[in-house]
There are 2 protein chains.
Amino acid sequence: MQISELSRATGLPVATVKFYIREGMLPRGTALGATRADYGVSHVERLRLIGALTQVAGLPLARVRDILAAIDEPGPVPVDAIGRAIGALPPYVEPDGDLSRARAAIDQLGLVYDERFTAVAQLDAAIRGVEAAGLPWDGATLDRYGAAMKQVAIDEVAPVADMTTPDAVAYAVLGTALYEPVMLALRRLAHQARMVRGGSA
Amino acid sequence: MQISELSRATGLPVATVKFYIREGMLPRGTALGATRADYGVSHVERLRLIGALTQVAGLPLARVRDILAAIDEPGPVPVDAIGRAIGALPPYVEPDGDLSRARAAIDQLGLVYDERFTAVAQLDAAIRGVEAAGLPWDGATLDRYGAAMKQVAIDEVAPVADMTTPDAVAYAVLGTALYEPVMLALRRLAHQARMVRGGSA
């Protein structure tokens, strides 16, 4: 298809499509002459992914670029490519060297401790926040969230087994970012239902 | 205690304490003369709450004020006061009238549909985001998150039964805001562990 058709198929202005090409985020089409190029399904899919990351997930362009790099050059270890892409998602935490709280939690739950994975520093910062606010933080509290998230993760990760690495990275990033607000809204609604019904919900 | 001791006890500069008093967020102390006042444990606790909401949860001052109003004037129905306070937490979603996706999800899970509760519009927006990105959205996907969040909510809500309404509002707001990033980091770590271990984590 021509660029005008690509624009219609994705709902993005031609100028925006050209911008992503210039920025190296969208591959050039196959040249059909000096001023015309042919675009395919892969271009439509790439633009949909960029749109979901910028408009739905609200990521800044620099972070989207990091994610596209992990998709386009995943390297030999899929879980590492996924880890790099997930690292482009908020919250953006400055690790300050002490990750002891996260390490203890990861050990207790039998998860994987790898400092390159940004969720380690995110977890450490989150635990410090809980402690700073004077909220309970103990083994039972950790188990409450750990058990729920392990259960959720089983179904979330299952489809990845049948995907190519680029597709797995895209799915992991979108799924991580976009089911998150669903889960958090449901948590608040579950609280409310229990309080309204006195514990029977 | 005097204002200088209150400052030391909370780690906040005297000027900041005075600012919160001027803004009506911290009650004045009991006057001991023209220029001195006595502050008590309730002042320390209020400043800790303000600190947790502004510095740990990162809320803007206007939202903290809404939460303090729900604590100070909870009204006759505790769950309504909690709902108003929770409504001051992000994400800030503009409801556009169509809440049909949230209503269907709430019905399926047997939760409570009340449009005043901001999590309803948050859920609807979150589901639209999932759909816009082309991710799966069906009854099984909803159950995955609904079951996990109902389970988590049981333990989270339990302590509220023994609290005064103001304490329950403060606990609900802090717990909602500050366990959230713990849970989300654990979700990412649970994904990673399953991928690293090929499904055995």
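With which residue does Arg46(A) form a salt bridge? In this predicted model, the partner of Arg46(A) is Asp72(A), and the closest N and O atoms of the two are 2.6 Å apart. Arg46(A) counts as buried because its relative accessibility is 11%, where buried means under 20%, whereas Asp72(A), at 45% relative accessibility, counts as partly exposed.

Over all chains the count comes to 23 salt bridges, and six of them are counted between chain A and chain B.

| Pair | N to O distance |
|---|---|
| Arg46(A) and Asp72(A) | 2.6 Å |
| Asp114(A) and Arg116(A) | 2.8 Å |
| Arg187(B) and Glu156(A) | 2.9 Å |
| Glu180(A) and Arg188(B) | 3.0 Å |

The salt bridge of Arg187(B) with Glu156(A) joins two chains, because Arg187(B) lies in helix H9 (residues 165-196) of chain B and Glu156(A) in helix H8 of chain A. Arg187(B) is buried, with a relative accessible area of 1%, and Glu156(A) is buried as well, at 5%.

The contact between the chains takes 67 residues from chain A and 67 residues from chain B, and the two chains bury about 6,500 Å² between them, 75% of it on carbon and sulfur atoms. Of the area that chain A buries against chain B, Tyr179(A), Arg187(A) and Arg188(A) supply 13%, more than any other three residues. There are also 22 residue pairs in polar contact between chain A and chain B. The largest share of the side of chain A that touches chain B comes from H9(A), with 23 residues, and by class this side has 48 nonpolar, nine polar and ten charged residues.

Turning to chain B, helix H2 (residues 14-22) has Val17(B), Tyr20(B) and Ile21(B) among its residues, and these three are buried. They lie on the same side of H2(B), because they cover an arc of only 105 degrees around the axis. The cover over the buried residues of H2(B) includes helices H1 (3-10), H3 (41-56) and H4 (61-72) of chain B, while the face turned away from the buried side carries the exposed residues Ala15(B) and Arg22(B). After H2(B) comes Gly24(B), whose phi is positive, near 75 degrees.

Methods:
Residues numbered from 1 in each chain as written. Chains lettered and ligands numbered in written order. Predicted model: local features only at pLDDT ≥ 70, side-chain atom pairs only at ≥ 80, totals over all residues. Heavy atoms only, no water. Buried < 20%, exposed > 50% of the residue type's maximum accessible area, 1.4 Å probe, protein only. Helix = DSSP H or I, 4+ residues; strand = E, 2+ residues; numbered from the N terminus. Arc of directions from axis to C-beta. Contact = heavy atoms within 4.5 Å. Buried area = accessible area lost by both parts, 1.4 Å probe. Salt bridge = Lys/Arg side-chain N within 4 Å of Asp/Glu carboxyl O. Polar contact = N/O pair within 3.5 Å; in protein donor to acceptor, adjacent residues only side chain to side chain. Nonpolar A, V, L, I, M, F, W, Y, C, P; charged D, E, K, R; others polar.
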